[in-house]
Amino acid sequence: MTLLPGLAELTLDPTHRPEATPAPSLAELTVEPVHCRPELLDACADLINEQWPRSRASRLHSLGQSSDSFPLCLMLLSPHPAPGHAPVVVGHARLSRVLDRPQSLFVETVVVARALRGRGFGRRLMEGLEVFAQARGFRRLHLSTRDQLPFYAHLGYQLGEPVQGLVFTSPRVPAALLRVFSSAPCPRLPCRAPSLAAHAAPKASKGPSLPPPPPLPESLAASPPAPAGPPPQSPLETGYRDLRGGPVFWMEKDI
Ligand SMILES: CC(C)(COP(=O)(O)OP(=O)(O)OC[C@H]1O[C@@H](n2cnc3c(N)ncnc32)[C@H](O)[C@@H]1OP(=O)(O)O)[C@@H](O)C(=O)NCCC(=O)NCCS
C-alpha cells in the first residue's frame, strides 16, 4: 500500500518530488496538543479548513484557545520525511469538558487529511485521544455525528444521550464560571507526545493510581432526571437535531 499521493498533497514545499517521498508510517505517529506546537498552527488550520472551510483568522483564533484547561485541540502528527523539518499534521480532534459530567470529555472536529483517509489514521487519532484522556483521569468520551456513526460504532462507541460541551471562550459564560473552570485537570501533564507505535494503552493500565479530573461546580454537577419516553435514536434513525435542524446521532464510550 502506498500513501504517496496523500503526503504529496500535504506538503507545500515547491521542490517536493512525490515519487521520492516515503509514506507516513502508522508506527511513527504521535498525538500532541496544538498549543504545545505553535509552529504547526497554520498547518492544523489548513487541515481542518480542507473539510470545513472557514476564514483562516477564525480558525486560527479557535485553535489558539487550546489549553491544558480545555477546550484542547489535539493533532495527529507524522514525522516529516526530510530530516530537520516540522512534522506533518495528518489529523485533528478537539476535546472539551462536559456540563454535569466531571469525568467526561466531548470530542468534536475529528478529521483526517482527505488524501490519507481509509488507511488507519482515523483509528490512530481516536486511540491516541483515548490514551490522552485516560492519562488525565477522564473515563468517558461523548460525541455527536451526522454521518460517521459506522466509523465510531466500529471503534466501540454506542448510542448515548446528548451532552453539553463547555466552551469557555463564549462571552455568554459568566466570569465566575470561567474562574471555576480555569484550573487544570489533575495531574497537569507536560506537553509530551505519546507515541502511537503501540496500540492504545490496554484497559488494565488505566489503574487506580490516576487521580480523578477536577470537580465541576456543584450547580453544574447534577441534572434533573430525563423524562421517560421512547428512545430518541437507533443506529438507523435519530430524533435529535443539530443547530441547523439536521439529524444527529449522539454517541459515547467508556475508556
Ligand atoms: C471519519 C474519519 C476521521 C475516519 O478516518 P479514517 O482515517 O478514514 O479512518 P480509518 O481508516 O482509520 O478507519 C478506522 C476503522 O474504521 C473503519 N471504518 C471507517 N469508516 C467506516 C464506516 N463508514 N463504516 C464502518 N467502518 C468504518 C475502517 O474500516 C477501520 O477499521 P479497522 O481499523 O478495523 O480496519 C475521516 O474519514 C474523516 O476525516 N472524515 C471527514 C470528517 C468527518 O466526517 N469527521 C467526523 C465528524 S463527526
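A residue is counted as near a molecule or strand if one of its heavy atoms lies within 4 Å of it. Around the ligand there are 19 residues, and the closest are Val110, Gly118, Gly122, Arg123 and His154. The model is a predicted one, in which local features need pLDDT of at least 70 and side-chain atom pairs count only at pLDDT 80 or more, whereas totals for chains, interfaces and linings use all residues. Residues are numbered from 1 along each chain as its sequence is written, and side-chain values use heavy atoms, with hydrogens and water left out.

The chain contains six helices and seven strands. Helices (H or I, at least four residues) and strands (E, at least two) are DSSP runs, numbered from the N terminus. Read from the N terminus on, the order of the elements is α-β-α-α-β-β-β-α-β-α-β-α-β. Of the 255 residues in the chain, 42% are buried. Here, buried means under 20% relative accessible area, exposed means over 50%, and partly exposed covers the range in between, with a 1.4 Å probe and protein chains only.

At least two residues of the shell are supplied by each of β4, α4 (121-135), β5 (140-145) and α5 (149-154). The largest share, four residues, comes from α5. Sorted by class, the shell has eight nonpolar, eight polar and three charged residues. In this scheme Ala, Val, Leu, Ile, Met, Phe, Trp, Tyr, Cys and Pro count as nonpolar, Asp, Glu, Lys and Arg as charged, and the others, Gly among them, as polar.

A polar side-chain atom of Arg123 is 2.5 Å from an oxygen atom of the ligand. From the backbone, a polar atom of Gly118 lies 2.8 Å from a ligand oxygen atom, and an N or O atom of Phe121 lies 3.4 Å from an oxygen atom of the ligand. The ligand on its own has 940 Å² of accessible area, of which the protein covers 70%. Accessible areas come from the Shrake-Rupley method with a 1.4 Å probe, and for residues only the protein chains shown count as cover.

Helix α4 also holds Arg124. This residue is buried, because its relative accessible area is 10%. The side chain of Arg124 reaches the backbone oxygen of Leu26 at 3.3 Å.

Aromatic side chains were considered next. A pair of aromatic rings is described by the distance of the centres and the angle of the planes. Rings of Phe, Tyr and Trp (its six-membered ring) pair if their centres lie within 6.5 Å; planes under 30 degrees apart count as stacked, over 60 as edge-to-face and the rest as tilted. Four aromatic pairs were found in a search of the whole structure. In one of them, Tyr152 and Tyr157 have ring centres 5.7 Å apart and planes at 70 degrees, so this pair is edge-to-face. Both Tyr152 and Tyr157 are buried, and together with Phe151 they form one aromatic cluster. Elsewhere, the charged end of Arg136 sits over the ring of Phe132, 3.6 Å from its centre. A charge is assigned to this position if NZ of Lys or CZ of Arg is within 6 Å of the ring centre and within 35 degrees of the ring normal.

Val98, in strand β3, counts as buried because its relative accessibility is 0%. Val98 and Gln164 are 66 residues apart in sequence, and their C-alpha atoms are 5.6 Å apart in space. Val107, in strand β4, also counts as buried, since its relative accessibility is 2%. A cis peptide bond, with omega about 0 degrees, joins Phe70 and Pro71. Pro71 belongs to the loop between α3 (56-64) and β2 (72-78). Asp100, a residue other than glycine, has a positive phi near 75 degrees; Asp100 is located in the loop between β3 (88-98) and β4 (101-112). With a relative accessible area of 22%, Asp100 is partly exposed. Thr109 likewise has a positive phi, near 50 degrees, but is found in strand β4. Thr109 is partly exposed, because its relative accessible area is 23%.

Methods: A polar contact is a pair of N or O atoms within 3.5 Å; within protein, one must be able to donate a hydrogen and the other to accept it, and residues adjacent in sequence count only if both atoms are side-chain atoms.
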